[in-house]
Amino acid sequence: MLLPVDMTKHLRELYDWLIKEDDVEILPKLVPQLAELTEIFQKIKNVENEILAKEKDKERQTKENQFGGGQSHHNSHHNHPGKEDPRAYLDAIVNIGNKLSANHLWRLELILLDGFPRYYVMYNAKDIHERAIPYLIKRIKEGVNEIRLKAIEMLVRFMRMNHMNSRSKDLLKAINDEFFASSCFKMRQAYISIFLKLAETFSRHFIKQNVLSSILNLAADKTAQVRRRLADILSNIRKMIFLEDTDNLQRFNDIVNQLMQDADKEVSDVSIYF
């Protein structure tokens, strides 16, 4: 049974208030339901915006008929006065994530991040790229290990859902700039974690085209911690190289030999067991 229109609007307005509420104490109850509730009320908001747009168009048409059609048709279906930004919930979700981070509520933040794939369906790739992806990149940089790995998972999930358009290429460039090319060794370690998730998700052809060369370059990293992390995943890297790709196979073998002779004992020991 459908709710009356007024009741639906009242509930939607209540949710609009709730999702922007600053009281941290409500988050343990709100966050586990956040993705489902947002999906429900986003649909309601979309319908309300469509109704408002039709009413504004009807009002404009009536005025044009009364005054001889002198008014412009420009933007007749967009940017109607009073129309709510359909992406407002997305901004509020990111703000909740920042609030959870600021209050060190990382377990709740994991739940929040698990809901991101639903938002990838709800909103277009451009809005996700502009509003949610910066939050994910920030959490990879600053979050505890569990948050870092979950943010990487959600980042790669978005790339997988949009791998045929330019958003994925833009994101690959951002990953390269923010992590592989970073002066901070922890960010370069994070790049290795991103590589692992990409390798789980995409084909060897994709890996060869986009990240294989960079991951191999980390064998010469100036920081031992990065080389150690790389040595740990040599078998994962090898699986992503085609048998017929003799150039990269040779390069990989050379890198293994190089790491086996590394000045850092932990690096050389791990590489020997590979």
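Analyst: Lys 173 counts as exposed, because its relative accessibility is 52% and the cut-off for exposed is over 50%. Keep in mind that this is a predicted model. The partner of Lys 173 is Asp 177: their side chains meet in a salt bridge, at 2.8 Å from N to O. Both residues belong to helix H9, four residues apart, which is about one turn of the helix. Asp 177 is partly exposed, with a relative accessible area of 40%.

Asp 177 also leads on to a neighbour. Ser 182 touches Asp 177, and it touches Met 187 and Arg 188 as well, leaving aside residues up to four places away in sequence. You'll find Ser 182 in the loop between helix H9 (166–180) and helix H10 (185–201). At 16% relative accessibility Ser 182 counts as buried, since the limit for that is under 20%.

Now follow Arg 188, one of those contacts of Ser 182. Arg 188 forms a salt bridge with Asp 221, and the closest N and O atoms are 2.5 Å apart. This pair links distant parts of the chain: Arg 188 is in helix H10, while Asp 221 is in the loop between helix H12 (212–217) and helix H13 (224–232), 33 residues apart.

Salt bridges that share partners join Arg 12, Asp 16, Lys 45 and Glu 48 into one network. Within it, Arg 12 forms a salt bridge with Glu 48, with the closest N and O atoms 2.7 Å apart. Arg 12 lies in helix H1 (residues 5–19) and Glu 48 in helix H3 (residues 34–66), so the pair ties together parts that are 36 residues apart in sequence. Arg 12 counts as buried, because its relative accessibility is 4%. Altogether, the structure holds 22 salt bridges.

Lys 45, a member of that network, has an aromatic neighbour too: it lies over the face of Tyr 89, at 3.9 Å from the ring centre.

Phe 116 and Tyr 119 are both buried. Tyr 120 and Phe 158 make another edge-to-face pair, because their centres are 5.3 Å apart with the planes at 65 degrees, and the cut-off for edge-to-face is over 60. Here the pair links distant parts of the chain, with Tyr 120 in helix H6 and Phe 158 in helix H8 (residues 145–161), 38 residues apart. Tyr 120 and Phe 158 are buried as well.

One last stop is His 104, in the loop between helix H4 (88–102) and helix H5 (106–114). His 104 has a positive phi of about 60 degrees although it is not a glycine. It counts as exposed, with 66% relative accessibility.

Note on methods
Residues numbered from 1 in each chain as written. Predicted model: local features only at pLDDT ≥ 70, side-chain atom pairs only at ≥ 80, totals over all residues. Heavy atoms only, no water. Helix = DSSP H or I, 4+ residues; strand = E, 2+ residues; numbered from the N terminus. Buried < 20%, exposed > 50% of the residue type's maximum accessible area, 1.4 Å probe, protein only. Contact = heavy atoms within 4.5 Å. Phe/Tyr/Trp six-rings, centres within 6.5 Å; stacked < 30°, edge-to-face > 60°. Lys NZ or Arg CZ within 6 Å of the ring centre and 35° of its normal. Salt bridge = Lys/Arg side-chain N within 4 Å of Asp/Glu carboxyl O.
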